[in-house]
Amino acid sequence: MTLSQIRILLDAEFICEHGMKNSDIKYAKASDLMSDVLAFSQPFSDRNTILITGLTNKQVIRTCEIAGVGAIIFVRGKNPSAETIELAQRCKITLLTTKLKMFETCGILYTNGITGVAPGTHGNPSDAT
Amino acid sequence: MRPEALFQKEFTIQGGDFVNAGESSCMIRNTLREIGVDSDIVRRMAIAAYEAEMNVVMYALRGTMQISVYRDEILLTIDDKGPGIQNIDMAMQPGFSTATEEMREMGFGAGMGLPNIKKNADVFNITSRVGNGTKLEIRIFLDGKKTRK
């Protein structure tokens, strides 16, 4: 599913995007704990993975850069600060915001084919949760 | 005697500097990528570096982080001046944390930092002196022959 399709499903808005509107997204992680995001990081590239979170500080961007996550969806209508957006632009990380809550966001994406990846599965889709 | 590092760089980390926290680890990640290190090893070292850097920012007064690339391994050392860790065994347990509310609001301090570092390292050593500071040594092998501990 592309980020543009995800935007429509979640009635979301792009805050910034880096030519990723048509990028294929397969996996999602949903967390406000950045160490969990790092622990769930996969040996394969996470660029086709999105992070769903309610946190909007700069550490979210840093965490995604370290984990190689390509896009972030901020839930509950949250908007990051100009500083956070600037950092995301430097790191080429796409940002979206939706008014939906985290639970609803996850539910919609899951029922539309996006899956999570359990820690230690090493990217094997059959192990995905 | 240990051969000279093919690449070496040192970073200074300021305790409490949440604005720049993570910058050094991102530079390490980008540098390792640029010099052609395997992408999975880059990911593992970047995660270990970032967790370690955040620990210095959250708990210590200041610290230094040094990355050294050798022919057969990458070595990351983090040496901080700070309160030290009273009980290392307890600190290594997933979920154990002495983080403040501010740290938790940043998305950290859930007691996963040290376990995450250990998980991504081939060799992980930690020493600490209460009232003085903590030293971490993280090694990831490049030859792929040595098993992870």
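A residue is classed as buried if 20 or more other C-beta atoms lie within 10 Å of its own, as exposed if 12 or fewer do, and as partly exposed in between, with C-beta atoms placed from the backbone. The model is predicted; local features need pLDDT of at least 70 and side-chain atom pairs count only at pLDDT 80 or more, whereas totals for chains, interfaces and linings use all residues. Residues are numbered from 1 along each chain as its sequence is written, and chains are lettered from A and ligands numbered from 1 in the order in which they are written.

Chain A contains five helices and five strands, where helices (H or I, at least four residues) and strands (E, at least two) are DSSP runs numbered from the N terminus. Along the sequence these elements are arranged as α-β-β-α-β-α-β-α-β-α. Of the 129 residues of chain A, 46% are buried. Contacts are defined by C-beta atoms, placed from the backbone, that lie within 7 Å. Among the contacts in chain A with a separation of 6 or more, 55% are between residues 24 or more positions apart.

Within chain A, helix α3(A) is largely enclosed by the rest of the structure, because ten of its ten residues are buried. These buried residues include the charged residues Lys58(A), Arg62(A) and Glu65(A), where Asp, Glu, Lys and Arg count as charged, Ala, Val, Leu, Ile, Met, Phe, Trp, Tyr, Cys and Pro as nonpolar, and the others, Gly among them, as polar. The buried residues of α3(A) pack against α2, β3 (49-53), β4 (71-74) and α4 of chain A, together with α1 (23-34) and α2 of chain B. Gly68(A), with a positive phi near 80°, follows α3(A).

Two packed helices are described by the angle between their axes and the distance between the axes. The axes of α3(A) and helix α4 (residues 82-91) of chain A come within 8 Å and cross at roughly 15°; axes are lines fitted to C-alpha atoms, for helices over the stretch in contact, and angles run from 0 to 180 degrees between N-to-C directions. The two helices α3(A) and α4(A) are therefore roughly parallel, a class that covers angles under 35 degrees, with those over 145 counted as roughly antiparallel, 65 to 115 as roughly perpendicular and the rest as oblique. The crossing of α3(A) past α4(A) is right-handed, that is, the near helix is turned clockwise from the far one by less than a right angle. Lys58(A), Ile61(A) and Glu65(A) of α3(A) meet Glu83(A), Thr84(A), Leu87(A), Ala88(A) and Cys91(A) of α4(A) in this contact. By class, the contact residues comprise four nonpolar, one polar and three charged.

The contact between the chains takes 17 residues from chain A and 18 residues from chain B. On the side of chain A that touches chain B, α2 (34-39) and α3 (58-67) each supply at least two residues. The residues on that side of chain A divide into eight nonpolar, five polar and four charged.

Most residues other than glycine have a negative phi. Asp11(A), in the loop between α1 (3-9) and β1 (13-16) of chain A, has a positive phi near 50°. Asp11(A) is exposed, because 10 other C-beta atoms lie within 10 Å. Arg76(A), in the loop between β4 and α4 of chain A, likewise has a positive phi, of about 55°. Arg76(A) is partly exposed, with 13 C-beta neighbours inside 10 Å.

Chain B contains an open sheet of five strands in the order β1-β2-β3-β5-β4, with antiparallel pairing; strands pair if DSSP finds at least two bridges between them.

Strand β3(B) is joined to β2(B) by a hairpin through three residues, and the two strands pair over eight bridges in the antiparallel sense. Gln66(B) has Thr77(B) of β3(B) as its bridge partner. Strands β3 (residues 73-81) and β5 (residues 133-141) of chain B pair in the antiparallel sense over nine bridges; the partners in β5(B) are Lys135(B) for Asp79(B) and Arg139(B) for Leu75(B). The covered face of β3(B) carries Ile74(B), Leu76(B), Ile78(B) and Asp80(B), and the uncovered face carries Glu73(B), Leu75(B), Thr77(B), Asp79(B) and Lys81(B).

How values were computed:
Contact = placed C-beta atoms within 7 Å.
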